Amino acid sequence: MKSLVALLGLLASPLLSSGDPGGALDVLVDRLGAASPVERRWAELDLVLLCRPATDELRAALRDRAARAQGPAKRCLDRQLAFLDAPAIAGFEDVLLLFDGLGMPPAAGKPFVLVNTGGWMISGSDEDRTLSFHYALGFMVGEDAESVSVLDRSLAVVKCAKHPDPPPDWEHFRKDHPEDLPLPGEKKEIDFAEFCRSFLSGGVRDYFGAFDHLVSGGQEHPVEAALFGCLAFERGDPVTAGALFGLAEDSLDDYREHRGWGYATLADAVRDSLADNVRWRAINAANDGGERKELRAMWETVARTLVPTDTPEAEEMLRLYSLMIEEDAARREPTAEEVAAMPPAQQAEHWIHRLRDLAETQCSQPGSCSVFGPFGMGVDGEGQDSHPAFRLLRLGPDAVPALIEHLDDPRPTRCMGFWRNFAPASYHLLRVGDACAEILSRIAGRSFFVRRSTNSYMQKDGETEAVKKEALEWWKEFREQGEERILAQGVASGGRDAPEQARKLRERYPGSALGPIVAGLRAAADDWIRGALVRELGEIEGEGPLPALREGLLEGPGLAVRLAAAEVLFRRGSPEALPAMIREWTSGSSGGGRDSVGRLVQFLLRSGSVEAVRALADGLGERRPDERFEVVDAVADVLDPPGEVPILSSDVLLSIEDLLVAALTDRLTRSGYFSRYGTNPRTCDAAAVILSGHFGGRYAFDRRVPEEERDARIAGMIEAWREARGIPPPPPAVAPVPTEVVAPLLDRLVGAAGEEERAAAVREIEPLGLGALGAVEGAAAGLPADHPARPALADLALRLALVVREVRAGRRSLPLPADLAVKADALRGRPLAPEAVLDLAAWWLGNAPGPDRSFLFEASRTSAAAGVTVVVSIETADPGEAPEAGRARCEKDLRLGPERVEGAGHTCPLAAKDHLLPEEAVRKVLSGAPEVPFLLRFVLTVHRP
């Protein structure tokens, strides 16, 4: 990208270097009054160049021409004189002109205010809820009895109601509202000079990741610093303006280095950012129902006033809005009765015209915008009667010719999509052709346009011609062969559109659906297609689908398929479904992905079977931590769902209670999770919340209290359960070492005269093992903070808490090789060392029999007194996770308390095997304080060449 100054140098008038400033000024005065906004903009920038440097002769000529000029020319000349009288902003005049060209309301003389817009967001749950308001910060450019208008940092004028509706429970939240922030609908005046000083004192900063700032239209830091500089200059403070411009330059340098910005000058960065900003505001304004004349003016600002080097989109939008304004002026909107009387083809044209004012909005990210409403789910009831997309869908095949004809219609709708809402440049308005393509796909039951990303749209991606060609071919076949045959062929192919085509075929031609769906089920390559076809098969009445459903249950290639078949068969009363899904769970299957595993858990819980609930509980502690949490969370969904509550017998409820009580010992944290149990909840906390809310008042729990108090309450809940069941308390997992044995040794350690004597005492205590931990911690707690024995006691406690109390093979493990069994058994009774863990991984890397076997290692500690439990397994590998030849794969889950130290999977060449399980991460997990729970779990699969 050429810098603005270089570009100006190429296009400037020859008179600028002629040595005749008076003659050059006369030419510029004429150009400053030109009818073309582009020509006026170039003249303004040429004037800036002419005044570098500013000689006395040029200043005199400029004052003379300003005294005689009129209109826009006089305004430009007066402004240039102001530039010359403010040396602090020398060199930044071109940036000032860019902001000036936006036509913003003047800030001079206007109060700088913070306004509470009344918009709000409530986050959290129960008593943890917090209320936050949306604020507008900027210059108050208008006010009446009902609203305040603010020119904010997004360069938009925001209209804020003075009497907004209060948020829910406002009186509850009001007492916590910060005193220095205005109440809803109120404003607070801020000293703009003080604000600028505060902004300057912050220095260069990076807004990347500050989503709320960018979502609300805020600029990146270099641009925002330049914006405040322009506003300071307009308000008569060139010194502050110059300082802000200097900060903008410094920030631009930082952005070049750390963010890869390729802008040569600040003016380049500001120009492109402003173009993106005005474009973003134009798209949002369209989605909000803005007048097309206003939208055209905004696109004209992008295309003409900002003078970007490449504006094909802006020029095209300017042309299209001009065309649409003319069409709107010439059109008489027919009444509902007149539309109803039109022939179908004319109705289709009417509703396609109405697509221009359809204003759907993308509601998730990642996601996409659908003309049928949020997630393509549509609107309810009478809303569809005036919704052009649904009216066209109702017309069905009668609308197809018009829809195909308009596939290349570039007129913008008001439907708005984006990659992410904090990325202004990713915002996009769907075109009429995009809307027609989606409606046509719904009618046909097939995808004519396949997205390459969530921010893909047909016209945006340049796929219109190919889509139109495919649509015409389909329409020809449709007319020749008929809908029933076309749908049957599509279903039988098992392609990506087969499920939707199966639904249409089943609903419209029920007698023809069974054969094609069964054929499609066998032809489909993806589990999600097979699962969807199984569900469509289940909607066919009678005995016909049963053989295929049973085949899917027993031989389905993926969990999603087998689960879908089980759900259908169970609903139909077939006895084989539930045992099959219990076997699915107890076999440890999780190859269907998190969604399928979650559905399997829900299926078992909702089955009403004690055996199914007990199967979930049995061996739950050996599941992955996330799976353990999901089982507990699924219990909450079953007991307190948003819809109908399933009828569960007392025996099933007792089994669910037992499952939750067992989970009370699971102290591992569900990191990065916010839910009904709070932020980053432990599995035991989730189980305690559910027990306290659903089981007869025997359990009392408050998740808001400190962890130590929660642990005490959880211990009481376990005791209450044992008492209700008549179960005596278990003996301690590790018997404490008798006091008469450990006390003399500790006295010797504490009273040691030097390091050597203390080390000798430690060597005598450590073989006593985990049973000595309580006495060691008690001895340390009784010493002053500066006692020389405290470090030795702390190190000893750390090692004792790492003693491996139990080593066992996993319940689903294949027989362990003798060498591996010996290595694993050698861990017992010793502190778990990082070297031992890495040695086991290295053994498998060197001895794995092939990619069909995986090595699972799990070491965990739930509390200091529990010691470490180690599970070692050889299991059948998931074929979908096997690495390529010459590579190894490691699925890791390493946690220390609430922190996830290492996670996810990593595949690398065998030559780089040291990267599979980072030693530093292993050491960090094993370095936690004795009371901190940890998990060190990995699954290692090797495929030699």
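Trainee: Contact means heavy atoms within 4.5 Å. With that settled, what covers the buried residues of α37?
Mentor: The cover includes α34 (739–750), α35 (755–765) and α36 (773–781). Helices here are DSSP runs of H or I, at least four residues long, numbered from the N terminus. This is a predicted model, where local features need pLDDT of at least 70 and side-chain atom pairs count only at pLDDT 80 or more, while totals for chains, interfaces and linings use all residues. Residues are numbered from 1 along each chain as its sequence is written, and side-chain values use heavy atoms, with hydrogens and water left out.

Trainee: OK, and which residues of α37 are buried?
Mentor: Leu 793, Leu 796, Ala 797 and Leu 800, in a helix that spans residues 790–800. Buried means under 20% relative accessible area, with a 1.4 Å probe and protein chains only; exposed is over 50%, and partly exposed is in between.

Trainee: How are they arranged around the axis of α37?
Mentor: They fall within an arc of 100°, so they line one face of the helix. The arc is taken from the directions from the helix axis to the C-beta atoms.

Trainee: Switching topic: how many residues does the largest nonpolar core have?
Mentor: It has 74, and Met 581, Trp 585, Leu 604, Leu 605, Ile 656 and Leu 660 have the most contacts inside it. Such a core is a set of buried Ala, Val, Leu, Ile, Met, Phe, Trp, Tyr and Cys residues joined through side-chain atoms within 4.5 Å.

Trainee: What does Ile 656 touch?
Mentor: Leaving out residues up to four places away in sequence, Ile 656 touches Leu 605, Val 613, Val 635, Leu 639, Leu 648 and Phe 695. A second, separate core of 64 residues includes Tyr 255, Leu 295, Met 317 and Leu 429.

Trainee: And how many aromatic pairs does the structure hold?
Mentor: 25. Rings of Phe, Tyr and Trp (its six-membered ring) pair if their centres lie within 6.5 Å; planes under 30 degrees apart are stacked, over 60 edge-to-face, and the rest tilted.

Trainee: Why is the pair of Phe 372 and Phe 390 edge-to-face?
Mentor: Because the planes are at 80°, with the ring centres 5.1 Å apart. Phe 372 is in the loop between α16 (344–354) and α17 (388–395), and Phe 390 is in α17, 18 residues apart. Phe 372 is buried at 0% relative accessibility, and Phe 390 is buried at 9%.

Trainee: What lies over the face of Phe 372?
Mentor: Arg 442, at 4.1 Å from the ring centre. To count, NZ of Lys or CZ of Arg must be within 6 Å of the ring centre and within 35 degrees of the ring normal. Arg 623 lies over the face of Trp 585, at 3.6 Å.

Technical notes: Helices (H or I, at least four residues) and strands (E, at least two) are DSSP runs, numbered from the N terminus.
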